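Hi,

Here is the model I said I would pass on.

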Amino acid sequence: MNTISTARTLGFYPTCIYDQNQMEVEKSNILRVLTFLFTKLIPLTSPLYINKTTYIIHNQKSSQISNLSSNHFWVFVQTLDTITMTDLENDVEVPRFFLCPISLEIMKDPVTLSTGITYDRDSIEKWLFSQKNDVCPVTKQVVVDIELTPNHTLRRLIQSWCTINASSGIERFPTPRLPISRTEIVKLLKDSKSPQLQMKSLKRLKTIVMENEKNRRLMESVSAADYLASILTTGAGEVSGVDGCVSTEADEALRILYHLKLSPTGLKSLFGKTENFVVTLTRVMQRAASFESRAYAVMLLKSMFEVAEPIQVTSLNTQFFTELVHILVDQISQKATKATLKLLISVCPWGRNRIKAAEAGVVPVLIDTLLDTTEKRLTEMIMIVLDQLCQSAEGRADLLKHGGGLPVVSKKIFRVSSIASERAVRILYSVAMFSGNARVLEEMVQLGVVGKLFLVLQVDCGSKMKEKAKEILKMHSRVWKKSSCIPNDLISAYPS
């Protein structure tokens, strides 16, 4: 350990590491502070809490504070508040069982985990839900039941202790508001099946799911997705008036289902919740009266297909892709557009889906969007989808049919990012390899595509990209070498 810090007379630096073999400065003050810490506040085998922000961790093999020459005596002190001499004289002993094992601070809302260990609610919820841990921090046992049981007895003891020590500056914590319980959620879900109580229950469930991650995981654990998917399937299948819109209850259920942010296991199970939940969401995109519901539907589909099995990806119908095209055309929101593109990226590696997407008119819509946007990530995603679709004859035909297809693809080389450039060259390779008739080759010369390919060979870029460009130029060298549109300096640099 090379960093040596010392304690000052009136406190510590924010972070201090002590190696007792090397410490030579202000020895008496350090001894005084350490003696206070080890003898007044804690047993030598546990973490220490001081002034709400001070932690001591050590592995001293002996309780002899004066033995500073021991190679095994290390102390780590992390503090945000300085410990003054007044603090040392007016110290208050904090009972060990008042401290949360995670934060090492006095618990404001003690709750007991299914493993039998008590933690402060805020700390254990962050551990389980925000940090996505599934084991008890102390016992390392897998937490099967995520419901937290309030430890009212311990909370009252802590509050009484705070009141008794109020003269020492200890503030009494207020009684926390009781969180939503598993029983309450189950009751609301059952009420949502009743036509009279359905809308009221759904509104309450939406409030609960928006509160915090703990509520979302609790709702998932009681199979809330089953109830919501059932309401959505029924509501999306109902025809309201001449417009055939999705019911208001179905819209609400969809919002809740999206905001649940289901785990991968929960998302996978959605595929089997009803006869075909993907068809249900496709119907929502088609019939929903609000842009918001259509956006939620496509964003939920995006999450589902990120964890889908191949059999679920290859069974999509043409209507699915048609509704995605409508989402892109309507430009509902940037978030919905990106979710649609990510969804296409997930499903278009399969050949059948490429054909269906092309038949639904995805390519011309993507080209129009590409002509209008300057946003980097959006451009990259469009180029990825176009690359996938141009691996089918239908996709290449649509690209060549569009007046701006070849020009905009060529223009994106070295204009956006390395990802966009590489995908652009891949698209040109697919066109040159499989659709390179005389008209197309002449058009590539006139539009400056060939010149751009020469530029790829001359600049510093990826080896795969260079190789693709070289292959394209070699592939049609007989035609392009004879072209009067290519300058002589490029002809002389033509790859052999």
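First, the ground rules. The model is predicted, so local features need pLDDT of at least 70 and side-chain atom pairs count only at pLDDT 80 or more, while totals for chains, interfaces and linings use all residues. Residues are numbered from 1 along each chain as its sequence is written, and side-chain values use heavy atoms, with hydrogens and water left out.

**The whole protein**

There are 26 helices and seven strands; these are DSSP runs numbered from the N terminus, with helices being H or I of at least four residues and strands E of at least two. Of the 496 residues, 49% are buried. Buried here is under 20% relative accessible area, exposed is over 50%, and partly exposed lies in between (1.4 Å probe, protein chains only). Taking contacts with a separation of 6 or more, 63% are between residues 24 or more positions apart, where contact means heavy atoms within 4.5 Å.

**Helices 18 and 21**

Helix 18 (residues 376–389) is mostly covered, with 12 of its 14 residues buried. The buried ones run from L378 through T379, E380, M381, I382, M383, I384, V385, L386, D387 and Q388 to L389. They pack against helix 15 (334–347), helix 16 (351–359), helix 17 (362–372), helix 19 (393–401), helix 20 (405–411) and helix 21 (418–434). From first C-alpha to last, helix 18 reaches 20 Å, close to the 20 Å expected at 1.5 Å a residue; that expected span is 1.5 Å times one less than the number of residues.

Helix 24 (residues 463–475) holds K464. K464 is exposed, at 66% relative accessible area. Its C-alpha is separated by 8.2 Å from that of E422, 42 residues away along the chain.

**Helix 11 against helix 14**

Helix 11 (residues 277–287) packs on helix 14 (residues 318–330) at about 35 degrees, with the axes 9 Å apart. Axes are lines fitted to C-alpha atoms, for helices over the stretch in contact, and angles run from 0 to 180 degrees between N-to-C directions. V278, T282, M285 and Q286 of helix 11 meet Q319, F320, E323, L324 and I327 of helix 14. Sorted by type, the residues of this contact are five nonpolar, three polar and one charged.

In helix 3 (residues 121–130), seven of the 10 residues are buried, namely R121, S123, I124, E125, W127, L128 and F129. Their cover includes strand 5, strand 6 (118–120), strand 7 (149–150) and helix 7. Just after helix 3, K132 has a positive phi of about 60 degrees.

R217 sits in helix 7 (residues 213–221) and counts as buried at 15% relative accessibility. Beyond its neighbours within four places in sequence, R217 touches F129, K132, I146, L260, K261, L262 and S263. One of those, K261, also has a positive phi, about 50 degrees, without being a glycine. K261 lies in the loop between helix 9 (248–259) and helix 10 (264–270) and is partly exposed, at 43%.

The loop between helix 2 (85–89) and strand 5 (110–112) contains L104, another non-glycine with positive phi, near 65 degrees. L104 is buried, at 13% relative accessibility. I102 is in that loop too, partly exposed at 32%. Setting aside neighbours within four places in sequence, I102 is in contact with Y119, S123, I124, W127 and P137.

Cheers

Conventions
Nonpolar A, V, L, I, M, F, W, Y, C, P; charged D, E, K, R; others polar.
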